[in-house]
Amino acid sequence: MRIVALAGGIGGARFLRGLKQAVPGDGEQTEITVIGNTGDDIHLYGLKVCPDLDTVMYTLGGGINEEQGWGRAAETWSVKEEMKAYGVGPEWFGLGDRDFATHIVRTQMIAAGYPLSAVTEALCARWKPGVRLLPMSDDRVETHVLIEDRDAPGGRRAVHFQEYWVRLHAEVDAQAIVPVGAEESKPAPGVIEAIGEADVILLPPSNPVVSIGTVLAVPGIRQAVVEAEAPVVGLSPIIGGAPVRGMADKVLAAVGVETTAAAVAKHYGPGLLDGWLVDTADAAAVPEVEEAGIACRAVPLWMSSVEASAEMARAALALAAEVRG
Ligand code: FO1
């Protein structure tokens with residue numbers, strides 16, 4: 001079975017770990033292709049950092065810092081401390097010594113002319129995540145957030161997504177989310193083909209705006225998913241009216257979407273989604289989602305363990321089989 005998943009960072013990676021556990025053991029029967037968000041990418045100290053690709057690679061490759069959900073396990077921070085001693089910021093973004101190696105290798109390969117997809121493949125040769133990890137695009141796309149700034153002309157300014165997320169903790173309202181460069185970007189090699197050949201397409205519980213939304217903003221990807229033969233099943237990142245992690249509610253508000261499991265399903269729309277899983281706490285939302293033309297089931301969606309994530313993945317695959325008819 002060929003499974004394709006559009007994924008962001010922590011929530012997506014944790015779901016994918018469960019999906020790997022859920023699919024039939026004989027690996028050759030099942031191939032998982034992950035199309036990763038690169039809108040979170042940030043350039044620091046002359047290095048290209050790809051948070052969502054690295055979170056998937058480290059989580060599935062066994063190197064993730066489990067509590068944080070990002071960065072490396074058993075990390076040390078000597079380089080960061082030395083940068084601080086030189087007064088070179090930004091202090092608010094924590095790059096550990098082990099993590100730096102990933103960004104140095106990536107930046108070196110890009111400088112040598114390799115596209116991000118080839119770089120990601122090379123980094124995964126070490127980490128062996130057990131899935132094919134493709135960036136959504138080899139072109140530079142960076143999500144910026146428009147926030148109010150009384151001192152700025154027009155009363156607002158754009159900040160990089162990471163500054164909004166990590167330094168500002170999304171405490172100020174996002175007036176707009178802009179995936180800079182998306183319009184000019186192209187899907188990375190293999191992305192459109194993987195979607196077209198998929199037996200199932202999954203939208204993990206990643207951020208629907210800045211993760212899944214950014215992947216869908218690359219021209220051609222949304223259309224490929226809409227036109228795909230494969231059933232498309234998503235899992236709600238919102239449980240009981242609140243985001244499971246992160247501050248998804250802040251970016252959902254920026255695009256005028258209520259922070260509910262049903263609203264996110266309708267935001268993706270019946271043109272894209274064939275099925276949608278909500279948590280048992282949101283069972284009351286099932287009729288509303290079904291009325292929107294999307295098959296809906298209520299199952300436990302808390303990824304409290306790898307087995308819990310695997311159960312969610314099994315439920316998603318079962319719903320895909322059901323809607324396939
Ligand atoms: N998130 C934080 O909240 N604080 C950090 O200092 C931080 C550093 C960091 C470094 C590398 C990396 O790959 C991810 C990092 N993240 C940090 C997480 C990152 O902001 C998020 O994982 C994604 O961008 C959102 O999904």
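**Helix packing and the pocket**

Guide: In this predicted model, H2 passes H5 in a right-handed crossing.

Visitor: Is H2 roughly parallel or roughly antiparallel to H5?

Guide: Two packed helices are described by the angle between their axes and the distance between the axes. Helix H2 (residues 51–61) and helix H5 (residues 116–127) have axes 10 Å apart and pack at an angle of about 20°. Angles under 35 degrees count as roughly parallel, and therefore H2 is, relative to H5, roughly parallel.

Visitor: How many charged residues does the contact of H2 with H5 have?

Guide: From H2, the residues Leu53, Met57, Tyr58 and Gly61 take part, and they meet Leu116, Thr120, Leu123, Cys124 and Trp127 of H5. The residues of this contact comprise 7 nonpolar and 2 polar, and the number of charged residues is none: there are no charged.

Visitor: Which residues are the closest to the centre of the largest pocket?

Guide: The largest pocket holds about 860 Å³ of space. It is lined by 41 residues, and the closest to its centre are Gly9, Ile10, Trp70, Trp165 and Arg245.

Visitor: Which element gives the most to the lining of the largest pocket?

Guide: The elements that each give two or more residues to this lining are helix H1 (10–22), H2, helix H4 (97–111) and helix H6 (161–167). With 5 residues, the element that gives the most is H2.

Visitor: How many nonpolar residues does the lining of the largest pocket have?

Guide: The lining is divided by class. It has 6 charged and 14 polar residues, and its nonpolar residues number 21.

Key
Residues numbered from 1 in each chain as written. Predicted model: local features only at pLDDT ≥ 70, side-chain atom pairs only at ≥ 80, totals over all residues. Heavy atoms only, no water. Axes fitted to C-alpha atoms, helices over the stretch in contact; angles between N-to-C directions. Helix = DSSP H or I, 4+ residues; strand = E, 2+ residues; numbered from the N terminus. Parallel < 35°, antiparallel > 145°, perpendicular 65-115°, else oblique. Left-handed = near helix turned anticlockwise from the far one by under 90°. Contact = heavy atoms within 4.5 Å. Nonpolar A, V, L, I, M, F, W, Y, C, P; charged D, E, K, R; others polar. 1 Å grid on protein atoms, 1.4 Å probe; cavity = no way out; pocket = protein on both sides within 12 Å on 5 of 7 lines; lining within 4 Å. Points joined across faces, edges and corners; volume = space filled by probe spheres on them.
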